[in-house]
Amino acid sequence: MLNSQAEGAGSRPPLVTRPLLLRFVSIIGASTSFYLLLSVVPLYAEVGGGGHGDAAGLATGTLMLATVGGELATPRLVARFGYRLMLVAGLFLLGAPAFALAASGSAVWIAAVCALRGLGFAFTVVAGGALTASLIPAERRGEGLALVGIVTGIPSLVALPLGVWLVDHVGYGPVFAAGAVAALAAIVSVPGLPDREAGAPDREAGAPGREAGSPGRDAGLRGRDPDSPDREAGRPDREADPERPIGVTAGFRTPALARPALVFAATALAAGILVTFLPLAVPSASAGVVATALFAQTAAATAARWVAGRHGDRHGPAALLLPGLAVAAGGVLLTALTHSPVAVVLGTALFGVGFGITQNATLTLMYARVPASGYGTVSALWNFAFDAGMGVGAVGFGVLAGRTGYPWAFALTAVLMLTALAPARRDRRTEGARA
């Protein structure tokens with residue numbers, strides 16, 4: 001009996017379950033739809049806009065900024081309507097408007113379609129992200145999020161360069177239709193998913209947030225940490241409530257959550273720039289270089305997320321923020337050599353490594369610092385950092401590159417990313433003091 005108890009204590013809960021597999025279907029559909037058109041729509045806008053970089057930046061910027069607005073509202077909508085309805089709405093808005101892109105090449109029309117798709121993408125990533133976190137055991141969170149990153153990364157690995165390649169061979173219309181169908185087809189998987197409200201207390205035995213330390217561990221952390229959501233909201237230590245949901249506004253004011261989000265936003269800034277402007281910055285004679293570079297970026301990011309997740313589960317993710325950010329900035333700096341195919345491919349791959357590391361490390365840290373009732377807020381904050389960074393980067397880079405040229409604009413972007421080293425260092429010191 002003692003031996004069986006010891007085996008049970010040492011066993012690890014299963015990572016891949018039926019609900020998680022069903023969730024992978026909607027992840028693949030949304031990711032394929034999003035990444036297939038991510039670099040294609042700016043190219044389409046560039047053609048309609050007469051070759052000005054502002055049109056391309058506006059397309060990506062509108063998509064991302066609409067996503068940001070939707071992400072801030074989604075936790076409240078999920079609490080009211082549940083995961084399933086919001087996922088269906090998100091997949092529909094991400095897919096259906098893509099059919100309309102071919103109707104006009106005007107900047108206003110493209111921006112309107114991008115706004116609808118951005119809103120749909122917000123619903124899928126925030127509602128889906130909170131649901132996904134609830135399906136992963138807490139003690140395997142880093143590994144689980146890395147696995148989710150791979151499932152997300154494979155469609156981006158294929159779809160991002162494939163979209164650019166397909167446009168040259170079949171035209172824009174079929175690519176737009178493929179992006180629409182990918183999202184709409186994934187709706188069939190949603191009815192099989194759980195529909196627990198994002199803000200509802202999670203009292204089920206073995207639920208995420210109650211494993212590997214149970215609620216007392218999380219509540220104790222928040223009660224002692226001056227950066228925690230409960231302390232930020234002004235609650236005394238003895239009144240800390242592990243079941244009380246954390247609002248998005250409170251999350252923004254919580255340094256323990258805001259610091260990782262800021263670091264990730266700095267890397268996402270460059271991600272939005274690369275997917276939007278790399279096809280424009282690299283000489284047209286090197287079209288194959290762009291597809292190769294985009295493939296290298298997503299492949300490196302996917303592999304790095306997995307390695308970072310396994311490393312973080314064993315040694316803690318906080319120590320990965322600084323090297324991830326530095327590697328990402330170094331990759332962008334190398335990409336500034338736009339007339340060298342080798343530099344472009346190596347630079348984007350190096351950026352992908354840093355981006356993948358910061359993706360996993362920041363998200364794992366943020367989920368670990370809240371109870372299960374705060375997963376929706378973490379999903380909203382992290383995705384806000386992702387999409388706000390991409391949107392601001394695309395719009396700002398378009399203006400900057402028009403004045404400095406692409407090489408200098410990439411170099412200045414790398415310098416700007418390094419300003420996030422300050423919050424990364426602060427977070428590492430805080431995490432070390434807490435340990």
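User: Which residues of H14 do Val263, Ala266, Thr267, Ala270, Leu274 and Leu278 in H12 meet?

Analyst: Those residues of H12 meet Leu325, Ala328, Val332 and Thr335 in H14, where contact means heavy atoms within 4.5 Å. By class, the contact of H12 with H14 has eight nonpolar residues, two polar and no charged. Here Ala, Val, Leu, Ile, Met, Phe, Trp, Tyr, Cys and Pro count as nonpolar, Asp, Glu, Lys and Arg as charged, and the others, Gly among them, as polar. A word on the source: this is a predicted model, in which local features need pLDDT of at least 70 and side-chain atom pairs count only at pLDDT 80 or more, while totals for chains, interfaces and linings use all residues. Residues are numbered from 1 along each chain as its sequence is written, and side-chain values use heavy atoms, with hydrogens and water left out.

User: Why are H12 and H14 called roughly parallel?

Analyst: Helix H12 (residues 255-281) and helix H14 (residues 321-335) pack at an angle of about 25°, and their axes are 10 Å apart. Axes are lines fitted to C-alpha atoms, for helices over the stretch in contact, and angles run from 0 to 180 degrees between N-to-C directions. Angles under 35 degrees count as roughly parallel, over 145 as roughly antiparallel, 65 to 115 as roughly perpendicular and the rest as oblique. H12 and H14 are therefore roughly parallel to each other. Their crossing is left-handed, a term for a near helix turned anticlockwise from the far one by less than a right angle, with clockwise being right-handed.

User: And what makes H14 roughly antiparallel to H15?

Analyst: The axes of H14 and helix H15 (residues 341-368) cross at roughly 155° and come within 7 Å. That crossing makes H14 roughly antiparallel to H15. H14 also passes H15 in a left-handed crossing. The contact of H14 with H15 divides into 16 nonpolar, nine polar and no charged residues.

User: Why is Asn383 called buried?

Analyst: Its relative accessible area is 7%, and buried means under 20%, exposed over 50%, partly exposed in between (1.4 Å probe, protein chains only). So Asn383 is buried. Asn383 sits in helix H16 (residues 375-404). Leaving out residues up to four places away in sequence, Asn383 touches Glu71, Val125 and Val126.

User: Is Ala66 buried or exposed, and how do you know?

Analyst: Ala66 has 18% relative accessibility, so Ala66 counts as buried. Ala66 is found in helix H4 (residues 53-81). Not counting residues up to four places away in sequence, Ala66 touches Ala115, Gly118 and Leu119.

Technical notes. Helix = DSSP H or I, 4+ residues; strand = E, 2+ residues; numbered from the N terminus.
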